[in-house]
Amino acid sequence: MLTNLLIIGNTNSGKTAYIKKLMEDWDYHQHHGGEVRSYETMVCLHHPILGDVHIYDSCEAHVVNDIYDCVIIMCAEKLPPIEQYKNEIVEKCGDIPVIILFNKLDLEDARLSYHAYLEAHPEDMVRSCSVKDQNIGMVEDTFKEIVSLAQD
Ligand SMILES: Nc1nc2c(ncn2[C@@H]2O[C@H](COP(=O)(O)OP(=O)(O)OP(=O)(O)O)[C@@H](O)[C@H]2O)c(=O)[nH]1
Ligand SMILES: [Mg+2]
């Protein structure tokens, strides 16, 4: 099973840090030209149950295309243009799961932003994590749930 996942969001929201954290925990292998750069990454991870997961990381909405099974919109203290991303996703990918993932929950500003968003958007699939503090929000747990959603 192969799952293609896109992570988009503002610069500095922690997209690359999130992927690097997953790579520490999952068996990682390089795949045609895939590499971790701070900007626009493509990596391949393998999980014994969830199978192969290709993760793309960008801050540009234009990279959205129909290969994706699921999109993570990464947020931190500042919100990216979520509505614009969602429109782009529906147009290019149709009805796929979109997860609004708040990172940096170890920081007060990100926590405030997360709670405000949750309250204002009860219809959205909103999750939270912290790459820096695994006691606050396990990166791997949120990711496994997201990949499972993408495979449904
Ligand atoms: N406190 C805190 N800092 C974090 C967390 N996650 C990432 N960071 C820091 O935030 C900064 C930006 O992280 P990146 O992963 O480079 O952000 P990015 O979204 O990939 O940014 P671009 O590549 O510019 O689009 C780095 O200094 C990270 O160490 C977190 O959960 N908590
Ligand atoms: Mg990056």
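Biologist: What share of the contacts between residues at least 6 apart in sequence join residues at least 24 apart?
Modeller: In this predicted model, that share is 69%, where two residues are in contact if their C-beta atoms, placed from the backbone, lie within 7 Å. Local features need pLDDT of at least 70 and side-chain atom pairs count only at pLDDT 80 or more, while totals for chains, interfaces and linings use all residues. Residues are numbered from 1 along each chain as its sequence is written, and chains are lettered from A and ligands numbered from 1 in the order in which they are written.

Biologist: And how many helices and strands are there?
Modeller: The protein has four helices and seven strands, in the order β-α-β-β-β-β-α-β-α-β-α from the N terminus; these are DSSP runs numbered from the N terminus, helices (H or I) of at least four residues and strands (E) of at least two.

Biologist: Is strand E1 buried or exposed?
Modeller: Seven of the eight residues of E1 (residues 2-9) are buried, so the strand is largely enclosed by the rest of the structure. Buried here means that 20 or more other C-beta atoms lie within 10 Å of a residue's own, exposed means 12 or fewer, and partly exposed is in between, with C-beta atoms placed from the backbone.

Biologist: Which strands does E1 pair with?
Modeller: E1 runs parallel to strand E4 (residues 51-58), joined by seven bridges, and isoleucine 8 has serine 58 of E4 as its bridge partner. E1 also pairs with E5 in the parallel sense over five bridges, with leucine 6 bridged to valine 71; pairing requires that DSSP finds at least two bridges between two strands.

Biologist: Switching to the ligand, which residues come nearest to ligand 1?
Modeller: Of the 18 residues around ligand 1, Thr11, Gly14, Thr16, Ala17 and Lys132 come nearest, a residue being near if its C-beta atom, placed from the backbone, lies within 6 Å of the molecule. Helix H1 (residues 15-25) gives the most to this shell, with three residues.

Biologist: What about its make-up by class?
Modeller: The shell divides into five nonpolar, nine polar and four charged residues; Ala, Val, Leu, Ile, Met, Phe, Trp, Tyr, Cys and Pro count as nonpolar, Asp, Glu, Lys and Arg as charged, and the others, Gly among them, as polar.

Biologist: Last one: where is proline 81?
Modeller: Proline 81 sits in the loop between strand E5 (70-75) and helix H2 (82-93), and it counts as partly exposed because it has 14 C-beta neighbours inside 10 Å.
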